[in-house]
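Hi everyone, thanks for coming.

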There are 2 protein chains.
Amino acid sequence: MAEILMGTARAGLKTKGNDVLVLLLPYPCVASFVFTSNYFKAGSVLYSESVAKERETIRAIVVNSGNANCGTGEEGVKHAEMMAQKTAQELGIKTEEVLVFSTGVIGRYLPINDVLGAIENACTNLRPLDLKEASMTISTTDRFPKYDFAKRGELETFGFAKGAGMIHPSMATMLAFVFTNAKTDYLTLRRIHESVTQRTFNSITVDGCMSTNDAFGVVALGETEASAEDLEFELAKVSETLAKQIVADGEGATRVIRVSVRSAITPIKAREIARAVANSLLVKTAVFGKDPNWGRVAAAVGSTEFPVDPFRLEIYIGGYLLYDGKPRNENLPKAREHLLKNTEVDITVELNEGDYEWTFYSSDIGYDYIRLNAEYTT
Amino acid sequence: MAEILMGTARAGLKTKGNDVLVLLLPYPCVASFVFTSNYFKAGSVLYSESVAKERETIRAIVVNSGNANCGTGEEGVKHAEMMAQKTAQELGIKTEEVLVFSTGVIGRYLPINDVLGAIENACTNLRPLDLKEASMTISTTDRFPKYDFAKRGELETFGFAKGAGMIHPSMATMLAFVFTNAKTDYLTLRRIHESVTQRTFNSITVDGCMSTNDAFGVVALGETEASAEDLEFELAKVSETLAKQIVADGEGATRVIRVSVRSAITPIKAREIARAVANSLLVKTAVFGKDPNWGRVAAAVGSTEFPVDPFRLEIYIGGYLLYDGKPRNENLPKAREHLLKNTEVDITVELNEGDYEWTFYSSDIGYDYIRLNAEYTT
């Protein structure tokens, strides 16, 4: 496969380790990016979104961690542009071929000279992409690096991410970059990318709105023929793995919670109900306490704008029926055992009204979440 | 004033204390009730909502605490009706003149014979309404009783409530009953009631959806002439006091957070942005940690469906400007002092685009929230 090159360096934005990453693609590659839907966008997002929407290909990516370059006004946008210019100059490509990403603390200006110096250092020491090291370079509060690789015949898909999969993916920054060696055109890749985003990164811990800096890109190296179905399947697989790694790294999390809503009349209804359950603090704290509290699940199921029939729905924890129009409390001990023994726990809601399902991933919430978020500025 | 009578008794639903309350009005009184918008409604809500929508007056109220009678299927609705029948029979009134309310644990059948026995006991020992005792009787995890009284000339307004003003009022049950001696007709009272509900009980800690059992009623004794403006003002005042008492009783809360969004183009936009900030776990944990983290406020402001201009908005904590298109971090020490020294803290967002404002009340979240919700079944 044509090689993706990587350079890393330290600008001093994080307390330790490299905090600037440069990726150089072997040639202009078809690429699709989605950015946060938050209106309070970081300078880097404002800059990169405006560049990306005019283009179908990119050549390079530059990321800094430790500072979100957000809430920094016009100067923040200028800093992002300077990062792109510097990267382009060092790599001998055009400024508009470079996208810029930032993650870290909101509300502080980038020490731009330090960042530009680190970009220069990163570009003078390019080597083959190492997914683990790339993830570590862009990480902030992450407890472990996040990356994945999948192969299906000639089709190769791989990527890396950062994100301390929080209450909302929404609120901590989430950055993910996934690559494929498939040949594809921009519109096909875009359609697949949007669909994959909905089922993966937009289906982890709740509320649907994203942070000020979130971004997810897919880049196609264009070397191998692949059907759109295979490409979507593989991109979804790698993206789901990365998304689940983010959830598992939830601050203070002890359990990954898989919320499945089944037999809904529309996928949107299934998704919104799954989101409400996954987002429920009372459900999260119940899982933390190993309490199979189906009443809290039911309250979340009923809380969306979509009507549900309380006498018709069924609630299962760990596959054990706890409610089907009336309490099935005789199964509580088995459901409790499921919560005690597994680190990935299942909550399933059957609406019994249609053919659509949606799965959301979430994590429980415990004392460490409060400690981390009360004691640190993010 | 014509006397409202009260009876209390113990059915054994709570670990201790009286858990059944009966209120008898002196004659049929114009009354308006709003119930949870949750689709997973308790049996008592299903029953009382169907009764209330056919009537403009009521004679009596019966409430049990300690058991929500929710998730209990058709039997739950039947139990609520039996409670109304028993109350009517003991008081010598009609069943349809009685509304029934429940609050407590979800998913357990009411021990209906014990409840009916307690209703009988309560009705045989009627005495003048004592707001504090009424609140304590309907309380569950509340740390203190909630009641208020206001007088404006001849116009008297008073009420009591329960609710452990949580993450969402939505999720713990909130019950509130407010009385006025004003003369009014049903449609006027209904319009005022809906407006007051929006600005008070629907503007405390977030997400807009309510629990399975929430209800708020206003009852007019019809003795004193009062203008609609005065009536709305007084009802709003008492309701706001009760709502703030619920917030202040937030599980593990150390601070009440007042979120004001100003100069919006519509009241709905102001409300939804205020809700997003009030609902932000990252904002709540920052306040708990006494961290004037305006970046988290900004991220919440940008997270709704309503566009905001990040270069135009201003963010204040404790009246200190922290952001106005660029960071004003020189004011952070004063904002931190505000968070340290006050138990009611202010977060203000100026959108600088119109004339509408909205205020939401919320509370911070700390270790005790996790402890209470992980260790107890609610």
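Before anything else, one term we'll need: when I say two strands pair, I mean that DSSP finds at least two bridges between them. With that in hand, look at chain B, where B:I317 stands opposite B:Y320 in β12(B). And please keep in mind throughout that this is a predicted model.

Strand β11 of chain B, residues 314-317, is joined to strand β12, residues 320-323, by 3 bridges, and the two run antiparallel. The hairpin they make has 2 residues between the strands, and there B:G318 takes a positive phi near 60 degrees.

Now over to chain A. The chain is divided into domain 1, residues 5-248, and domain 2, residues 256-375. Their C-alpha centres lie 32 Å apart. How many residues does each domain put into the contact? Domain 1 of chain A gives 11 and domain 2 of chain A gives 10. On the domain 1 side, those residues divide into 5 nonpolar, 4 polar and 2 charged.

Next, a sheet in chain A. It's an open one with 5 strands, in the order β12-β11-β13-β10-β14, and the pairing is mixed. Which strands stand at the edges? Those are β12 (320-323) and β14 (356-363) of chain A; each has a single partner strand, so one side of each is left without a neighbour in the sheet. On average, neighbouring strands here are turned by 20 degrees against each other, ignoring direction.

Inside that sheet, take β10 of chain A, residues 256-264, and β13 of chain A, residues 344-350: they pair in the parallel sense over 7 bridges. One facing couple is A:V261 and A:V349, the latter in β13(A). Packing on the sheet is helix α6 of chain A, residues 228-248, which touches β10 and β14 of chain A and makes an angle of about 40 degrees with the direction of β14(A).

What about the core? The largest nonpolar core has 242 residues, and the ones with the most contacts inside it are A:V277, A:V301, B:V277 and B:V301. If we leave out residues up to four places away in sequence, A:V277 touches several others, among them A:V259, A:V283, A:I347 and A:V349.

Strand β1(B) runs antiparallel to β2 of chain B, residues 20-35, with 5 bridges between them, and B:T8 has B:L21 in β2(B) as its bridge partner. There are also 2 bridges from β1(B) to β5 of chain B, residues 127-128, again antiparallel; there, B:L5 is partnered by B:P128.

Helix α4 of chain B, residues 131-138, has 6 of its 8 residues buried, so it's largely enclosed by the rest of the structure. B:S135 is one of those buried residues.

Last stop: B:A161, in strand β7 of chain B, residues 155-162. Is B:A161 buried or exposed? Buried: there are 30 other C-beta atoms within 10 Å, and the cut-off for buried is 20 or more. Beyond its neighbours within four places in sequence, B:A161 is in contact with residues including B:S135, B:L175 and B:L242. And B:F216, 55 residues away along the chain, has its C-alpha atom 8.8 Å from that of B:A161.

That's my tour, so over to you.

Key
Residues numbered from 1 in each chain as written. Chains lettered and ligands numbered in written order. Predicted model: local features only at pLDDT ≥ 70, side-chain atom pairs only at ≥ 80, totals over all residues. Core = buried A, V, L, I, M, F, W, Y, C linked by C-beta atoms within 7 Å. Buried ≥ 20, exposed ≤ 12 C-beta atoms within 10 Å, placed from the backbone. Contact = placed C-beta atoms within 7 Å. Domains from an automatic or database assignment. Nonpolar A, V, L, I, M, F, W, Y, C, P; charged D, E, K, R; others polar. Helix = DSSP H or I, 4+ residues; strand = E, 2+ residues; numbered from the N terminus. Axes fitted to C-alpha atoms, helices over the stretch in contact; angles between N-to-C directions.
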